[in-house]
Amino acid sequence: MPHALTDHWKKFLVAGVVALAVVWCFAFNGVSHDDYRQGLSVLVGAMFWISILIGMLMLTMITRVFDAGWAPLIRRNWEHMLIALPILIVIGIAPLAFIPASRHLLWEWTNAGHVLPSGHTVGADPILQAKSWFLNENFFLARIALYAVIFGVLAILLRRWSFAQDTDRTAGHTHRLHAVSAVGIPLSAITLTMLAFDCLMALSYHWFSTMYGVWFFALSIRLALAVTVILTYKLSNGGWLDGLLNQAHRHVLGCLMLAFTVFWAYISFSQYFLIYTANIPEETFWYNIREIDAVTGLKSEWWGVSMYMIFGFFFLPFLSLLPYRTKIVPGRLLTVAWIIVAGALADLWFNAVPRQLTQADLTKFPEGFTVAPFLTSSLFLDLLAIIGFGAVVIAIFLRGASKNETIPVHDPRILESINYHE
Amino acid sequence: MNERNERIHGVACTFRQVSDVFHAAEQVRDAGWKNWDVHTPFPIHGMDQAMGLPRSPVPRLTLLGGITGFITGCLLTWYMNSYDYPLIVGGKPYWSVIFPFPVIYECTILFAAFGTFFGQFIFNRLPHHHHPLFDLPQFSRVSDDTFMIVLEARDPQFHLDESRNFLLSLGGQEITVIRD
């Protein structure tokens, strides 16, 4: 007997499809006018949820490998959601990459005729030629397809055997899932690193950071945990976790949020620190365009975004999560989860949006370029894209919950999970 | 009045069942005892609440250590690079919060770990080389198949006969007076 909440999946699907239709219309209209920004909204919206789902995939496999006693009750919700990951790559990233017009606008390195601020074209760029074994269109498209396949196969396997256990009560499924996760963790680590390289880092192809994959991993886990806190809060107030989610579950989620807040800060700072210390122009320009207005030489809007990330996305959640009571009082934990979601959005904007827009008039634009601004009306389109992709994910989640058990009733550790104690 | 014998450490009482010792602990807590303890061969979930134990105060010393370490790291790097021997390295400022951050960060972690480690010793009153309970022959069974509640003589409520009867009324099996 499916829970009454799951009946809403069709409404979410309709809302998601309508929102995404609007976003795609804007995106294609932008592409036809040589404006990349609306297409970027699709990318930001899709990457926001792909990041959440990758975090949930990693958490699912990590809790499987470590046989986490607290996890089964919460993990089933991740399993319901996981199948949205390959779907989002197909409906969010693939069209942008596979349609030449949008690909050439968003990923400048795919457009040989694109003029750089230096006056040269992309096709004649020796930096790109040196990287062309990796950054070439065929390999790029093959990789995008491969990400969907790898994440899809993992999601299908992790779900199939977990759901099979509900009916045939075989403990062997737990061992099988253990094995799949042990292989899946390193495989996903490589896949998510490459996905972050292709979908975010390659938007600015001169720049490179070897910490980018681990930054994306840290962000994904932070987002996944925050969304899990919000989701389990809803589900324990009138959903299928009513009366099952206890203080110890919140405590463990709160502790993980604190740990990954510190981890994210460690990685993000280290990336900045190494580039700051080495002081190599191919690396520092990436931070320069995120701090200094190329025309006036003053601090730009992006500097404000980076300050928000230091204080609003690190210090605020970090200091809030230190006291024990924040991790166990539902309302407080929920507030911190929303703070993390907002900060993660700022981080995605910070990584995806700023780019050098070539300006030929050197009297007005001494650097030969301007930087794409932060505060534009496209931010609303970004939010609409996030809502659209989010509604599709929620629809997939609720539909999964209506077809399968919402609690893994025959998981060998389900009693341990329900009676979890600090 | 109170016939407190200074040479008496307390009264120990054994239990055979988890549920017995659990409910007995709740009643001792409700009776307002402060200096008492429960000894069990394995952790019993919910015993913290049944005993009315507060959260450990150790995290406060961890935080104090962390803040001390952060300030120490800042002062250390500022004094050396900017005050005592000003030196330009790699074109960076004499002192900013960025280049010495690894030092500041490591000092924070180190002092927070000191706060935790020594805080744990302080609040557990360690080192503690001997305890009167170790003289009790029954105490070795507490690591095997027996549970024990000990009411200590330093508690203001302690009274030898009354405490003994109180423990009997809780369903205790074997009552022993522990001497220092």
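This is a predicted model: local features need pLDDT of at least 70, side-chain atom pairs count only at pLDDT 80 or more; totals for chains, interfaces and linings use all residues.
Start with the largest nonpolar core, which holds 102 residues. Among its members, Leu43(A), Leu53(A), Leu57(A), Leu82(A), Ala84(A) and Leu85(A) touch the most others. Helix H2 of chain A, residues 37-65, puts in the largest share, with 17 residues. Both domain 1 (1-206 + 377-409) and domain 2 (224-376) of chain A give residues to this core, so it lies between them. Leaving aside residues up to four places away in sequence, Leu53(A) touches Met81(A), Leu82(A), Ala84(A), Leu85(A) and Leu88(A). There is also a second, separate core of 20 residues, including Val21(B), Ala25(B), Val28(B) and Trp36(B).

Chain B splits into domain 1 (8-53 + 128-179) and domain 2 (58-123), and the centres of these two domains of chain B, taken over C-alpha atoms, sit 45 Å apart. Chain B also has an open, antiparallel sheet of four strands, ordered E2-E3-E1-E4. Strands E2 (36-39) and E4 (175-179) of chain B form the edges, each pairing on one side only. From one strand to the next, the twist averages 20 degrees. Strands E1 (residues 8-15) and E3 (residues 147-152) of chain B are joined by six bridges, with Cys13(B) opposite Ile149(B) in E3(B). Helix H1 of chain B (residues 18-30) packs on the sheet, touching E1, E2 and E3 of chain B, at about 20 degrees to E3(B). Helix H5 of chain B (residues 160-169) lies across E1, E3 and E4 of chain B, at about 15 degrees to E1(B).

As for the two chains, seven residues of chain B are in contact with seven of chain A. On the chain B side, three are nonpolar, three polar and one charged.

Terms used. Residues are numbered from 1 along each chain as its sequence is written. Chains are lettered from A and ligands numbered from 1 in the order in which they are written. Domain bounds come from an automatic or database domain assignment. A nonpolar core is a set of buried Ala, Val, Leu, Ile, Met, Phe, Trp, Tyr and Cys residues joined through C-beta atoms within 7 Å. A residue is buried if 20 or more other C-beta atoms lie within 10 Å of its own, exposed if 12 or fewer, and partly exposed in between; C-beta atoms are placed from the backbone. Helices (H or I, at least four residues) and strands (E, at least two) are DSSP runs, numbered from the N terminus. Ala, Val, Leu, Ile, Met, Phe, Trp, Tyr, Cys and Pro count as nonpolar, Asp, Glu, Lys and Arg as charged, and the others, Gly among them, as polar. Two strands pair if DSSP finds at least two bridges between them. Axes are lines fitted to C-alpha atoms, for helices over the stretch in contact, and angles run from 0 to 180 degrees between N-to-C directions.
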